[in-house]
Amino acid sequence: MKPFYYLLVGGLSWLLLQACREQYEAPIPYEFSGQTGSGRFTAPVRQTMEGVYTVTDGVGEFGAQVALKWTYVLNGADTTHYLSIFSGNEAGFFNLENDRSVDSLVVRGYWRKLVNTDTGLARLALRTRRNGQLQRFTGTLAVGDTLVLEGLYGTGTASPDQPLTLTYNRPLNPRPFAILAHRSGGRTSDLLSVSENSLNMIRLASRLGATGIEIDIKFTKDGVPILYHDNLLNLRLIQKNGLEGPVEEYTYQQLNTLVRLVNGEKIPTLEEALETVLTSTTLNFVWLDTKYDGPMDKVQAIQQRFRQRAIASRRDLRIVIGLPTTQAADAYRALANKENTPVLSELDTAITRSLDARIWAPRWTLGPQLEQVRAMQAEGRTVFVWTLDEPKFIEQFIQESNFDGILSNYSPLVAYYHYVDQ
Amino acid sequence: MTLHLRSGGSALLLGWLVFCGSVALAQRAARPYEPPADYQPGIYFPQAPRPGEWRKSIGLIFTSTPPEITEEIRLLVPAIDVNLQHGLSKNWYLSTRLQTQLVQSNLALGVRYATPVTDKLYAGLGIDGVGWFGALAIKDVFNSQAGGLEAIPHATLGYRLTRDLQLTFRTEAIMDLYYRSTVGPLAVEYDQRRLNGVAFTFALEQPFYKQQHVTLGLRAAYSNFNWQFWSLYDTFERDFFYPQLFFGFIL
């Protein structure tokens, strides 16, 4: 047989196999109105609703219990409220808004599971169960009343037709715990509707259960700190535009003009990101993951400026500089003035102590490290673990370890296991 | 379904074509006429070794990291690949395969049935029981172990293109049976039986140099989980493409 045939067999088999790669998508089947306020869901109603609910109809899809929590985003003086429901099943969550088209307490929106592409529409009405009868909720609960959310959910864009009933069981776990969302809220590879490390993702983070976020900092060619994870411009993160190579080889103007993230957003600057956190969200923690080699003074200046603004506006917001490598630690040590510059060390306990980092963040793959965690906490340090996504380990870390928070790509799952923990 | 040829894929394709070509040239240049033989050395070709006969091969298998999990990092991860087969009867034989990177290994034990369909076309069926284990203890990075069991039933067609060049196509179903992982004192376990994915293999087996024979091939696995990447703890419930290139010297 001639070499041509060997090449043909090799080439065709490779092309055949490559051609069969499947593309995954999970488009959101619901368009939010974005209207400000919360309609009939007044503050007392929202507060009363929050809690752990038992699932009766819908157990197979969403598990035996779920956690309900209201969040909001700000637009100037206006607030827009959203109801999140966190499920322990396949990192599932609901994002819902109040339905103003009806004269009752109704929410509508979508559900999604982060581990796969399952999604669908949902519509739920808030009622009370009194003497075994479901009644319209008037805003106050009498003794013996139980809150019930009942309605329908569907699959994909199909109209909801499956029953879903959630019955109030108990309050959310009140223990302080940091639910930190990776890459400003979630990974692009989890097929969210907005891109990782974007302003839209920062605005979405709370609805995914996050109380804080981690963002990745790189510098442009002309020294502007931006949010971007990878070393290179690539189609994993950006739309096709012909540009490639290290992100540091492009000026901010070039990136701002020519590059769009996969869901159409611009690559934000660090200042834009912190401005969004400060003015549009209720997030209380920002972890600046320094993914560059070089001086830290520019990032420190921005961190300090926003820290001052947070204090001035009485916002509970900590902005800390992450030190993932010894080079980053050296850059921190080289700062002329370290006052009011909180840092988070991913390095070992000895280096963390030598840096006087107030936060220690070891990898989750080292296990709970109970002794070291307790020792660091006894010295007044906060201890987070990163980046933990495996559902069963999330459950165990929350139940059996002593960390003060978890950084995860699956903040809805961390939220679920934290809020239902007793 | 869309056609993808990323830069990493193009490099792999180029390397693959060069390798196929070099083997083809070696075969064409070196071989005088030999009469056809009933038994050609082969690890993938569906033909049982003679009863009591052992077949052995040693080589390397390279697995490409899926970009969905490793993102911008693309690697061809090598593993030592050892095969051992033993003929039980005219049609039945046992097979053993060890793939190892020292810190993680995969051992498959199987039984196979093979029979000629025509002079050139052969067919085979088999099932492998697979156990894999990995342990990583790296200061400040890992204190983790994982292991699992899989079953891989497979069907194989082999065709003698020439008197000593054998082309094999194998299709496999990868069934997960058990998984356990520990980090420090914490452990998770999954013992659900489920179809993890499928794999398709093309292999060429032929003389390479003097009395030596060589296997070279490509295996494409579409699976939810791949044992070599257990330490990445991917949580996606999606099938990803794990292309593998392998070659082995039949001893």
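The model is predicted: local features need pLDDT of at least 70, side-chain atom pairs count only at pLDDT 80 or more, and totals for chains, interfaces and linings use all residues. Residues are numbered from 1 along each chain as its sequence is written, while chains are lettered from A and ligands numbered from 1 in the order in which they are written.

**Chain A overall**

Chain A has 12 helices and 20 strands. These are DSSP runs numbered from the N terminus (helices: H or I, at least four residues; strands: E, at least two). Its C-alpha atoms fill a box of roughly 70 × 70 × 45 Å along the principal axes. Of its 422 residues, 48% are buried, meaning that 20 or more other C-beta atoms, placed from the backbone, lie within 10 Å of the residue's own. Residues 24 or more positions apart make 57% of the contacts with a separation of 6 or more. A contact is two C-beta atoms, placed from the backbone, within 7 Å.

| Helix | Residues | Buried residues |
|---|---|---|
| H6(A) | residues 270–280 | A:Leu270, A:Ala273, A:Leu274, A:Thr276, A:Val277 |
| H11(A) | residues 391–400 | A:Pro391, A:Phe393, A:Ile394, A:Gln396, A:Phe397, A:Ile398 |

The buried residues of H6(A) fall within an arc of 155° seen down the axis, so they line one face of the helix. The arc is that of the directions from the helix axis to the C-beta atoms.

What do the buried residues of H6(A) pack against? Their partners in chain A include helix H4 (199–204), strand S11 (212–219) and helix H7 (297–312).

The buried residues of H11(A) pack against strands S19 (382–385) and S20 (405–408) and helix H12 (411–420) of chain A. They also pack against strands S7 (166–183) and S8 (186–190) of chain B.

Technical notes: Buried ≥ 20, exposed ≤ 12 C-beta atoms within 10 Å, placed from the backbone.
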